[in-house]
Amino acid sequence: MSGLRAPQPRTKADPEAGRRRVGSHTPASGGLAKAALPYADAAASEVVQVYVSNSRGWALPAGDPAQDTLFRDGCAERSLPAFIHASLLVNLGSPTPATVERSTQTLAHALRRGRAIGAEAVVFHAGSAVDAGHAETAMRQVREALLPLLDEAAAVDGPMLLVEPSAGGGRSLASRVERLGPYLDAVDRHPMMGVCFDTCHAWAAGHDLAVEGGMTATLDALVAAVGADRLKLVHANDSKDLCGSTRDRHENIGKGTIGEPAFAELMRHPATAGVPVLVETPTERHVGHAADIATLKRLHP
């Protein structure tokens, strides 16, 4: 998990200082190394994100040790940081005990798989209380579920857990970036807890990223809520829908309602310096992702 330890001092002449690696969510079906590494090469990815279980299911596959080794070694050869996205069903704030239990088990599984494949961190959605009267209980559930996982991650040197704000709606526990502060407070701002910022989610939750200075103001608010060192990953996705829609429908960079100028602000903001940036945009094979990666690299200062 070396990419998330305290960085070593850099000189001003270091070309890597402040570099934002750009990559994509990467398919892993058919074999983690067999599928993901050629895809990353074809898309010119500098960072990858994968699922290690069904994105919309509770099954927790053990993984293939041979593929794990090939993937880990392949990423090391390419200097390619890897992240895991947990199942989209995870909701630690649910009023249904079985959902909370399965969510906790899913995160524990993703962390184990992350250690096996050398992943930097596991991304999970902040979740929802679902019912209006369940919000306080939901945050207690978040605390009770996450603290043991975070303590174990610290004891074995990772991976980290990264909470990703939702697109809003449904009694979300954290959708607007300001709500990340109370979410982190619920786990005592544990050092193994970081943040993943998704541009489409923020837009859907009501942050106007398209207005001049809007992305900058949103990232400033995120830093004010969580601190300067908690942002560990960015999901850079344009949107098919209007600001505040609470709809999470991704579009290719510059072709949606957020627009390219906002992503230029993203790539210039001090908070994203040194932070990997991933696209989860529409694509045919690797082509759409390759184009979006190239666009974001062009916008890199």
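The model is predicted, so local features need pLDDT of at least 70 and side-chain atom pairs count only at pLDDT 80 or more, while totals for chains, interfaces and linings use all residues. Residues are numbered from 1 along each chain as its sequence is written, and side-chain values use heavy atoms, with hydrogens and water left out.

Let us start with the annotated region. UniProt, in an unreviewed entry, lists residues 48-295 as "domain: Xylose isomerase-like TIM barrel"; such annotations may be inferred rather than shown by experiment. In the model, this stretch is 40% helix and 14% strand, and its end C-alpha atoms are 17 Å apart. Helices (H or I, at least four residues) and strands (E, at least two) are DSSP runs, numbered from the N terminus.

Now turn to helix H2, which spans residues 65-78. Its 14 residues reach 20 Å from the first C-alpha to the last, close to the 20 Å expected at 1.5 Å a residue, where the expected span is 1.5 Å times one less than the number of residues. The buried residues of H2 are Gln67, Asp68, Phe71, Gly74 and Cys75. They lie on the same side of H2 because they cover an arc of only 135 degrees around the axis, taken from the directions from the helix axis to the C-beta atoms. Pro65, Ala76 and Glu77, on the other side, are exposed. Here buried means under 20% relative accessible area, exposed over 50%, and partly exposed in between (1.4 Å probe, protein chains only).

What do the buried residues of H2 pack against? Their partners are helix H1 (32-43), strand E2 (48-50), strand E3 (82-85) and helix H3 (97-117), with contact meaning heavy atoms within 4.5 Å. At the N-terminal end, Asp64 caps H2, with a side-chain oxygen 2.9 Å from the backbone nitrogen of Ala66. Just after the helix, Ser79 takes a positive phi of about 50 degrees.

Strand E3 leads us on to E4 (residues 121-125): three bridges join the two, which run parallel. DSSP must find at least two bridges for strands to pair. Ile84 stands opposite Val122 in E4. In a regular strand the side chains alternate between the two faces of the sheet. In E4, Ala121, Val123 and His125 point one way and Val122 and Phe124 the other, and all are buried.

Our last stop is Asp185, in helix H5 (residues 180-185). Asp185 is partly exposed, with a relative accessible area of 44%.

Note on methods: Polar contact = N/O pair within 3.5 Å; in protein donor to acceptor, adjacent residues only side chain to side chain.
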